[in-house]
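Me: I have a structure open and would like to talk it through with you. Could we begin with the overall fold and then look at one helix pair?

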Amino acid sequence: MHKKAAEEDVDLHCTTWRFAAEMNNLAPWKSIPAECADYVKNYVMGKGYATDLERVSEEALIFANSVEFSGDGKDIWVFDIDETLLSNLPYYIDHGFGLELFDHSEFDKWVERGVAPAIAPSLKLYQRVVDLGYKVFLLTGRKESHRLVTVENLINAGFQNWDKLILRSPEEQHKMATLYKSEKRDEMVKEGYRIRGNSGDQWSDLLGTSMSQRSFKLANPMYYIP
């Protein structure tokens with residue numbers, strides 16, 4: 001009985017931690033709490049994560065269908081890539097589901113394999129957004145040197161017909177993600193684009209300047225990018 005109660009306490013603790021993480025109420029964190037390793041594993045490998053992703057996609061679809069276009073080709077939707085369009089879950093299965101500190105060189109090796117699968121609800125949203133006539137801009141923190149493998153991975157996963165793919169230049173590697181992505185959105189707005197929707201798994205994908213009319217945050221309890 002005591003063991004069951006203790007397990008329930010851990011589950012409750014980790015549920016509230018995940019909720020606080022998703023709501024951006026935590027101080028910047030570098031790894032998941034050690035006691036929540038099994039909880040996060042069970043969440044991302046189970047129905048909860050898949051259902052949460054489906055809900056975000058469904059809500060984004062409702063909004064995407066509701067927008068009245070201006071007719072000048074300047075209505076755009078911005079998508080992040082990692083944990084938004086492509087899933088790196090196969091990588092995180094081998095790296096503790098966020099328990100290990102992030103290793104840039106190891107992750108780069110994974111990216112260079114170009115085998116990340118599509119997040120199915122996001123692919124559905126993406127295809128609908130393209131069909132509706134939005135211009136699609138992909139804004140990622142990936143390195144410019146990974147452009148070719150990223151393009152191949154996206155196409156092989158089913159993503160096609162985007163209008164612009166924006167990656168970090170070597171000069172931008174030092175910038176915080178919120179600043180980097182804000183600056184890129186600022187450029188879009190200066191060029192006359194209206195950012196109708198923005199989909200990302202990190203708050204740094206969505207917050208800052210030149211925010212979208214509606215932002216859609218995908219669940220990701222495995223890592224945090226400020």
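Me: How many helices and strands does the protein have?
Reply: This is a predicted model, and in it the protein has 9 helices and 5 strands.

Me: In what order do the elements run from the N terminus on?
Reply: Starting at the N terminus, the order is α-α-α-β-α-α-α-β-α-β-α-β-α-β.

Me: And why call it as compact as a globular protein of that length?
Reply: The radius of gyration is 18 Å, which is close to the 17 Å that the globule rule gives for 226 residues, so the protein is as compact as a globular protein of that length. Along the principal axes, the C-alpha trace spans about 65 × 40 × 30 Å.

Me: What share of the residues is buried, and what about the surface?
Reply: Of the 226 residues, 47% count as buried, while the protein exposes about 11,600 Å², with carbon and sulfur atoms supplying 54% of that area.

Me: Switching to the helix pair, how do the axes of helix 3 and helix 6 cross?
Reply: The axes of helix 3, residues 47-66, and helix 6, residues 120-132, come within 9 Å and cross at roughly 10°, which makes helix 3 roughly parallel to helix 6, since angles under 35 degrees count that way.

Me: Which residues make that contact?
Reply: Helix 3 contributes L53, E54, S57, A60, L61, A64 and N65, and helix 6 contributes P121, S122, K124, L125, R128, V129 and L132.

Me: What is the contact like by class?
Reply: The contact of helix 3 with helix 6 has 8 nonpolar, 3 polar and 3 charged residues.

Definitions and conventions
Residues are numbered from 1 along each chain as its sequence is written. This is a predicted model: local features need pLDDT of at least 70, side-chain atom pairs count only at pLDDT 80 or more; totals for chains, interfaces and linings use all residues. Side-chain values use heavy atoms; hydrogens and water are left out. Axes are lines fitted to C-alpha atoms, for helices over the stretch in contact, and angles run from 0 to 180 degrees between N-to-C directions. Helices (H or I, at least four residues) and strands (E, at least two) are DSSP runs, numbered from the N terminus. Angles under 35 degrees count as roughly parallel, over 145 as roughly antiparallel, 65 to 115 as roughly perpendicular and the rest as oblique. Contact means heavy atoms within 4.5 Å. Ala, Val, Leu, Ile, Met, Phe, Trp, Tyr, Cys and Pro count as nonpolar, Asp, Glu, Lys and Arg as charged, and the others, Gly among them, as polar. The radius of gyration is taken over C-alpha atoms; the globule rule is 2.2 Å times the number of residues to the power 0.38. Buried means under 20% relative accessible area, exposed over 50%, partly exposed in between (1.4 Å probe, protein chains only). Accessible areas come from the Shrake-Rupley method with a 1.4 Å probe; for residues, only the protein chains shown count as cover.
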